Each structure stands twice: as structure tokens, then as C-alpha cells.
Amino acid sequence: MSETEQPVFLMHGQGQALAAIAYEGHYSAPVESLGRLLHHRVNASAPPSATAGLIPFSGQQPAHFLPLGALSTGVRVAQLFAGRGSSERPSSPPVLSPSPSPDHYARTVLQALVQIETGDLHKVVLARQLHGRSDEPLDPIALASRLAQDPSVLTYLVDLSPISGLADNWMVGATPELLIARQGRHIRSNPLAGSAKRSADPWRDEQAGRALLQSEKDIREHALVVDYIMDILAPHCTSLSSKGPALQSTASMWHLGTRIEGELREEGDGALSAAALAAMLHPTPAVAGVPKATALATIAALEPNSRGFYGGAIGWDDAAGDGYWYVALRCAEIRGRDIILHAGAGIVAGSDPDAEVAETQAKFQAMLRAVQLDDMATQQELDR
């Protein structure tokens, strides 16, 4: 792959370096069937070396898998970013507008807290968006290049046009959260829940991380995610262990993270593929809530926008069923000159509406810097 070629799928960071300049097809399936159908497809005649997959947030929408052609790995993937991440600000940056407004979002948090107080709901993740339009089409590779400057995240880029039927339709993001990885019988997951904004001041930054690690509210929120993942994986494993929570960081955020590792009961055709495991786990309480059904109903009632693939899963499998799947966070959808940014926060007993607004704004920062709009967006967020 040359530096001038445009990839249709890219993953870079957290040990991943994979890109393809073409899809060898496009298939959709119910989420629960994704693993079985993907395994059948990649083991057909002349299978590709890897097949990408996308799981939307809503289980009512189909999952998609896209066999990858002209695959590149390793250092050649990093070379795609050469000269594409200029720090020069656009002359006419897009005007951003929040949806919902910060005040509206705070009110939805209050509504969720009332429901939590009844005992029917323990946690729900509420998301919001920033919408913008530029004078010129946005460059998804340039955005990905800027995001990839943070080595702690998995930068991803997906051409959505085969799925949406729209030209110049992309998803680009930088997620810190590994949903599931499978290599032979060995599996790994790294759920994150509980967050705090980092500071440019070293002392304040250390204090923010320390406060998060000691926060009863955030530790309780984190445990809901870990317990959920352990309960789903345990029946399929001969061994399964967790270590955490511990502090994990990106350039803009502190997170509580737990490292989960295990060994599957079977290897080969009889084992669950990485895609099948991802479909079983999605959506975790890190993006939905507890209990799942109640949380999903609450999200549908309170969020004014469809999440699309935000909060879903993105990954790939090879012909053996090994692969890596990540939670689709810190992302934007590009449609030519239009861009939609996504961020969310977990609401549990003890959550403060203004603090949750601030958390979503902090989570927007990585993408805002990539679009080179962080200063403008911050001012707009203050103009409630």
C-alpha cells in the first residue's frame, strides 16, 4: 500500500497495524448470527486473510462484515499517515451545535436518576452529539492521523459507503477499550468504566487520577461492567481471571480499567470465534447499562438521536476465528462536509448532572482536537 492510496478500513495502535484498500464484498446479518456467518464466509473458497466487522449499538439493526482485500500490516500502515496530520487550522472551520444541548442532557440525567432511585435501573449510559458542517469535504485520513498521535488508543477508520449507500461516508475514531481478543484458545478483554478528565498540570493530573481510583461511585460503576463480562465468558472457559481496577489513561482522560484473561474450552472449528464472542458481549454496561433491557429502553426514551455505530463494536477475524474487537468510542461519522461527534457517560446512583455534562465534553476533546475545533467547541458548550 502506497502513501497515496486511500484505505477503506484501518486499525492502528494498541499493537494493531492493519489496513486494506478494498472490500471484497459486503454482508449483513443479525448480531447474534455474526460469528457463525462470518466464520462460514471466511472459510469459503479463496478466503481473504481478514474480514472486518461492524456491530451497531442497537440490536435491532444488522451487523455487517466486509472481507478485506489488498491487506497491509505493520509499519506500512503507519506510513499512510505521513504528511496527513498538519496542525494548521482550517480557514473556515465548521460550526458545531450540540444535540441535545448541555442543559437538555443534564435534564435527561436527572430523569435517569429518578428511575435509578426506584431500583428498576442500576446504571444507564446516556450519549449526546455535536453536529458540524465544513466548507470543504473533511479528510478522514487526516483526522485518523491526528488521533493516532496518542499511542494509548486504537485509531480506526471505516468506509461506510457500502453499508449506507452514501458517498464520502466514513467513521473515524480512537477507542481505548478492547472488547475481546482471541488468539487460539486464549482470550482477553479490557473493560473501562469510570472516567475523569486529565489536566495539563502534572499535580492536578495526578490528583484527578488518584481521586478516580478512590471514587466509590466510579468503582461501583466499573464493577457492573466487569461482572457482566465475567458472567458471559465464564461458561465458555476452562479458566478466567480479572485484575483491577487500575488507572489507565489516554491523552485526555483517566479511566478505571480491568484486564480479563481466560482460556476457551475448545480450539479450532468448534471454538467461539472472536466475532462470536464480541456479539455475545455487546452491548456491555460500559455503553448500555444494567439491567440491559431496562437500560436500552431508557436510552431509547431519553436520547433524541440514533447512535448508529457509536457504542457498537468494530473489529476483524481471520480464517481461524482469531481477531480483535473494540468498543466503538470517541468517534465521528463523516458525510462529505458534515460531521457528527459522539460521547457518553455512565449514570449511576450518586451521579451529578453537571459533572456528567463535563465528562461528555472531556470525552469530545480527542475528536475536537482531531478536527482542530477544540477551542471553538469549548466556547459553544459554555454558551448554553
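How many nonpolar, polar and charged residues does the lining of the second largest cavity have, by class? I began my notes with that, and I found two nonpolar, four polar and three charged residues, where Ala, Val, Leu, Ile, Met, Phe, Trp, Tyr, Cys and Pro count as nonpolar, Asp, Glu, Lys and Arg as charged, and the others, Gly among them, as polar.

**Ground rules.** I am working with a predicted model, in which local features need pLDDT of at least 70 and side-chain atom pairs count only at pLDDT 80 or more, while totals for chains, interfaces and linings use all residues. Residues are numbered from 1 along each chain as its sequence is written, and side-chain values use heavy atoms, with hydrogens and water left out.

**Cavities.** I took a cavity to be a set of points, on a 1 Å grid over the protein atoms alone, where a 1.4 Å probe fits but cannot get out, with lining residues having an atom within 4 Å of a point; a volume is the space filled by probe spheres set on the points, which are joined across faces, edges and corners. The structure holds four cavities of 30 Å³ or more. The largest cavity has a volume of about 220 Å³, and of the 21 residues that line it, Ala 286, Leu 329, Arg 330, Gly 344 and Lys 363 are the closest to its centre. By class, I noted nine nonpolar, six polar and six charged residues in this lining. β19 (338-348) is among the elements that each supply at least two lining residues, and its five residues are the largest share; helices (H or I, at least four residues) and strands (E, at least two) are DSSP runs, numbered from the N terminus.

I then returned to the second largest cavity, which holds about 50 Å³ of space. Its lining includes Glu 303, Arg 307, Tyr 310 and His 342, and β7 gives the most to it, with three residues.

**Helix contacts.** I looked up α7 (residues 216-233) and α8 (residues 274-281), whose axes come within 10 Å and cross at roughly 130°; axes are lines fitted to C-alpha atoms, for helices over the stretch in contact, and angles run from 0 to 180 degrees between N-to-C directions. α7 and α8 are therefore oblique to each other, since angles under 35 degrees count as roughly parallel, over 145 as roughly antiparallel, 65 to 115 as roughly perpendicular and the rest as oblique. Tyr 228, Ile 229, Ile 232 and Leu 233 in α7 meet Leu 277, Met 280 and Leu 281 in α8, contact meaning heavy atoms within 4.5 Å. By class, this contact has seven nonpolar, no polar and no charged residues.

Key
1 Å grid on protein atoms, 1.4 Å probe; cavity = no way out; pocket = protein on both sides within 12 Å on 5 of 7 lines; lining within 4 Å.
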